[in-house]
Amino acid sequence: MAAVIASTKTSSPMRNQVSPEEWQTRVDLAAAHRLAELEGWQEPYTIFNHLAARVPGEPEKMLIKPHDQLFGEVTASSLLKISITGKPVGFESNVNPAGWSIHSGVFQARPDVNASMHVHSRPGMALSALKEGFMFLNQEAMRFYNRIGYHDFEGIAAPDERERLARDLGPHYALILRNHGVLTCNRDVASAALDLSIIMRC
């Protein structure tokens with residue numbers, strides 16, 4: 001557990017241990033997990049989807065859910081604070097290694113991004129399997145016209161994939177991971193969640 005910088009097992013409430021800005025980000029990210037569960041964006045009844053947020057004032061750290069929690073179990077206090085750089089973080093710290101690889105790659109490449117969301121929802125999985133990719137069939141979909149990237153499937157995400165994933169994301173805020181799922185990112189949790197919501201509806 002050495003790689004985990006903060007955990008739920010503390011002598012005082014998490015809210016008293018972090019800055020007001022970090023606490024607000026924790027609340028927002030926990031709420032995004034509940035929204036994702038409510039909307040059915042997580043892979044049904046599994047723990048392998050993940051949302052993350054950069055820690056305010058600590059740009060080399062991010063918040064992510066414990067690997068063994070379902071989206072509906074995530075709270076502001078249960079979120080883990082882990083390093084974006086350095087040695088990969090994985091199951092030994094109760095973190096999904098693929099989640100660390102994907103989100104740390106996004107945050108390292110994009111200093112303008114403070115939230116990153118990746119899900120295996122049924123609509124997202126279907127979209128990721130379409131040869132044509134995302135189709136601009138309505139007004140909301142046009143939000144992503146010339147603003148969405150594509151990343152070819154490489155298997156379960158690993159640390160050495162981060163550079164290629166960031167390359168394929170480019171300057172965009174949305175990425176289709178071919179035969180895998182969907183990723184959105186943005187300046188804050190609410191904006192990334194809104195983008196994900198639009199993609200899921202379109």
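Which pattern does the protein follow, read along the sequence? Colour the chain by secondary structure and trace β-α-β-β-β-α-β-α-β-α-β-β-α. That makes five helices and eight strands. Keep in mind that this is a predicted model.

**Stop 1: the whole fold**

Zoom out. Along its principal axes, the C-alpha trace spans about 50 × 35 × 30 Å.

Now show the contacts. Take those with a separation of 6 or more: 63% of them join residues 24 or more positions apart.

The protein exposes about 9,600 Å². Carbon and sulfur atoms supply 55% of that area. Of the 202 residues, 51% count as buried.

**Stop 2: confidence**

Colour by pLDDT. The mean is 92. A value of 70 or more is reached by 94% of the residues. Next, select residues 5-10. Here pLDDT stays under 50. For this stretch the model has 14 contacts beyond four places in sequence.

**Stop 3: the aromatic rings**

How many aromatic pairs does the structure hold? There are three. Select Phe-134 and Phe-144, which form one of them. The pair is edge-to-face, with 5.7 Å from centre to centre and 85° between the planes. Both residues lie in the loop between helix H3 (122-129) and strand E6 (149-151), ten residues apart.

Phe-136 is partly exposed, with a relative accessible area of 29%. Tyr-145 is also partly exposed, at 42% relative accessibility.

Keep the four residues on screen. Ring pairs link Phe-134, Phe-136, Phe-144 and Tyr-145 into a cluster.

**Stop 4: a histidine in a loop**

Where is His-67 found? Go to the loop between strand E3 (58-64) and strand E4 (80-83). His-67 is buried there, with a relative accessible area of 10%.

Show the residues around His-67. His-67 then touches Ile-47, Phe-48, Phe-91, Asn-94, Val-95 and Asn-96.

**Stop 5**

How many disulfides does a search of the whole structure find? It finds zero. Select Cys-185, which is in no disulfide. The nearest cysteine sulfur belongs to Cys-202.

The sulfur atoms must lie within 2.5 Å to count as one. The sulfur of Cys-202 is 17 Å from that of Cys-185, which is too far for a bond.

Compare their surroundings before you leave. Cys-185 is buried, with a relative accessible area of 0%. Cys-202 counts as partly exposed, at 26% relative accessibility.

Technical notes:
Residues are numbered from 1 along each chain as its sequence is written. This is a predicted model: local features need pLDDT of at least 70, side-chain atom pairs count only at pLDDT 80 or more; totals for chains, interfaces and linings use all residues. Side-chain values use heavy atoms; hydrogens and water are left out. Buried means under 20% relative accessible area, exposed over 50%, partly exposed in between (1.4 Å probe, protein chains only). pLDDT is the predictor's confidence in each residue, from 0 to 100. Contact means heavy atoms within 4.5 Å. Helices (H or I, at least four residues) and strands (E, at least two) are DSSP runs, numbered from the N terminus. Accessible areas come from the Shrake-Rupley method with a 1.4 Å probe; for residues, only the protein chains shown count as cover. Rings of Phe, Tyr and Trp (its six-membered ring) pair if their centres lie within 6.5 Å; planes under 30 degrees apart count as stacked, over 60 as edge-to-face and the rest as tilted.
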